[in-house]
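I am opening a notebook on a structure that is new to me, and I want to set down, step by step, what I looked up in it.

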Amino acid sequence: MKRTETKQVKIGRLTIGGQNKVLIQSMCKHKTSHIDEVVKEINECEALGADLMRLSVLDEEDAQAFKEIKKQVKIPLIADIHFNPDFAITAIKNGVNKIRLNPGNINDETKIKEIVELAKKKNVAIRVGANSGSVNPDVDKFDIPLSHKLVFSVKKHVEILEKYDFHNIVISLKASNVKETIDAYRIASELFPYPLHIGLTEAGPLDISLIRSTAALSPLLLEGIGDTIRISITGRAQDEVIAAKRLLHDCGLYDNYPTLVSCPTCGRTQVNVQELGKKVFKYLEDNSINLHVACMGCVVNGPGEAKGADIGIAGGKGQYVIFKKGVVIKKVSEAEAYDALIEEINKLR
Ligand code: SF4
């Protein structure tokens with residue numbers, strides 16, 4: 001898929017923007033100075049597909065902790081800093097690859113200059129972002145849509161960085177409302193040359209966030225907008241990574257991942273296809289098997305409806321048929337079904 005051409009920005013060993021792949025980001029849920037917990041969380045997220053992780057900086061201890069964390073993880077790290085410019089300087093000195101900081105929130109011009117000069121020297125990118133809760137007060141007073149307020153707020157921050165000839169910029173504009181988020185990113189994509197980090201803010205717990213995030217982010221991804229993605233979840237960072245990966249895969253932007261299709265089941269179903277589907281998908285995910293697999297409830301419609309799958313299984317009365325590209329290749333009992341399907345899947349690897 002041809003994506004919107006944005007400026008390429010280096011984040012450690014990664015490059016975002018341009019036609020590079022959309023990178024998966026999550027955020028640590030532990031306090032940054034709790035180094036062991038944070039390192040474990042980052043490494044688990046990396047194993048699940050995270051490309052980069054963001055960490056909050058609440059105090060000097062957190063800013064200092066990057067030095068040790070960097071030694072124990074491989075993926076690039078982003079320090080999330082609000083208001084305190086000294087934490088940004090410490091975090092950069094301790095090896096972060098990117099900082100999230102809104103320069104318009106820092107009153108001391110000399111500090112902004114210091115951060116920018118250090119970021120240039122260390123090749124550290126800066127993400128400027130507006131959330132629905134942090135719209136610039138000068139912009140907030142106007143009676144205009146939230147999407148416009150987000151864009152204008154970001155513009156003010158970007159202009160400060162550009163004034164100091166800093167262009168290693170990434171932008172985000174997050175609302176918790178689906179339409180406002182889509183509108184804001186569409187405008188930003190036209191207005192700024194910089195890569196966009198897409199996501200929602202306050203997206204809710206897992207089940208709610210999955211729907212809300214998919215509703216907001218898929219239209220953008222399918223239009224070629226978005227260079228990094230985060231699915232915010234009131235829950236585990238690991239689940240954010242899995243959700244982002246699945247969404248990118250379903251939008252045709254992440255190849256190395258299985259595709260499972262299964263029918264909703266109905267009165268024709270005479271086997272437990274729900275359990276079988278779950279077990280099969282877990283096997284495909286755990287073993288990184290990049291195949292299109294179907295688990296269907298009946299032989300009447302199953303093989304035909306799922307003929308696009310590389311391989312599939314469809315239930316009958318106490319038995320299943322296994323099919324490849326819609327053509328039945330064997331019959332197996334319900335008890336044998338899982339093992340028989342896995343055996344056939346492994347022949348295709
Ligand atoms: S494939 Fe068969 S069991 Fe599944 S929903 Fe369709 S008709 Fe029902």
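**Helix pairs**

I began with two helices, α1 and α9, which are roughly parallel to each other, because an angle under 35 degrees counts as roughly parallel, over 145 as roughly antiparallel, 65 to 115 as roughly perpendicular and the rest as oblique. Before going further I noted that this is a predicted model, in which local features need pLDDT of at least 70 and side-chain atom pairs count only at pLDDT 80 or more, while totals for chains, interfaces and linings use all residues. I also noted that residues are numbered from 1 along each chain as its sequence is written, and that side-chain values use heavy atoms, with hydrogens and water left out.

Helix α1 covers residues 35-48 and helix α9 residues 237-250; they pack at an angle of about 20 degrees with their axes 9 Å apart. Helices (H or I, at least four residues) and strands (E, at least two) are DSSP runs numbered from the N terminus, and axes are lines fitted to C-alpha atoms, for helices over the stretch in contact, with angles running from 0 to 180 degrees between N-to-C directions. The crossing of α1 and α9 is right-handed, a word used if the near helix is turned clockwise from the far one by less than a right angle, left-handed being the anticlockwise case. On the α1 side I found Glu41, Glu44, Cys45 and Leu48, and on the α9 side Ala237, Gln238, Val241, Ile242 and Lys245, where contact means heavy atoms within 4.5 Å. By class, this contact of α1 with α9 holds 5 nonpolar, 1 polar and 3 charged residues; Ala, Val, Leu, Ile, Met, Phe, Trp, Tyr, Cys and Pro count as nonpolar, Asp, Glu, Lys and Arg as charged, and the others, Gly among them, as polar.

I next turned to helix α7 (residues 178-191) and helix α8 (residues 206-222), which pack at an angle of about 25 degrees with their axes 9 Å apart. That angle makes α7 roughly parallel to α8, and α7 passes α8 in a right-handed crossing. Val178, Thr181, Ile182, Tyr185 and Arg186 of α7 meet Arg212, Ala215, Ala216, Pro219 and Leu220 of α8, a contact that divides into 7 nonpolar, 1 polar and 2 charged residues.

Helix α6 (residues 146-163) also meets α7: their axes come within 8 Å and cross at roughly 40 degrees, and α6 and α7 are therefore oblique to each other. The crossing of α6 and α7 is right-handed.

**The parallel sheet**

In which order do the 8 strands of the open sheet lie? I read the order as β8-β7-β6-β5-β4-β3-β10-β9, with parallel pairing; β8 (169-174) and β9 (197-198) stand at the edges, each with a single partner strand, so one side of each is left without a neighbour in the sheet. Two strands pair if DSSP finds at least two bridges between them. Strand β7 (residues 125-131) is joined to β8 by 6 bridges, and isoleucine 126 has isoleucine 169 in β8 as its bridge partner. Helix α3 (residues 85-93) lies across β4 (52-57), β5 (77-81) and β6 (98-100), and runs at about 170 degrees to β5.

**The mixed sheet**

I then found 5 strands in an open sheet of mixed pairing, in the order β11-β12-β13-β14-β15. Its edge strands are β11 (259-262) and β15 (327-333), each pairing on one side only, and the twist averages 20 degrees from one strand to the next. Helix α10 (residues 273-286) packs on this sheet, touching β11, β12 (292-296), β13 (311-315) and β14, and its direction makes about 165 degrees with that of β12. Helix α12 (residues 337-347) lies across β12, β13, β14 and β15, at about 160 degrees to β13.

β13 and β14 pair in the antiparallel sense over 4 bridges, and in their hairpin, with 3 residues between the strands, glycine 318 takes a positive phi near 70 degrees. Strand β14 (residues 319-324) pairs with β15 in the antiparallel sense over 6 bridges; in that hairpin, with 2 residues between the strands, lysine 325 takes a positive phi near 45 degrees.

**The ligand**

Last, I looked up the residues around the ligand, which are Cys263, Pro264, Thr265, Cys266, Arg268, Thr269, Gly297, Cys298 and Asn301, a residue being near a molecule if one of its heavy atoms lies within 4 Å of it. This shell divides into 4 nonpolar, 4 polar and 1 charged.
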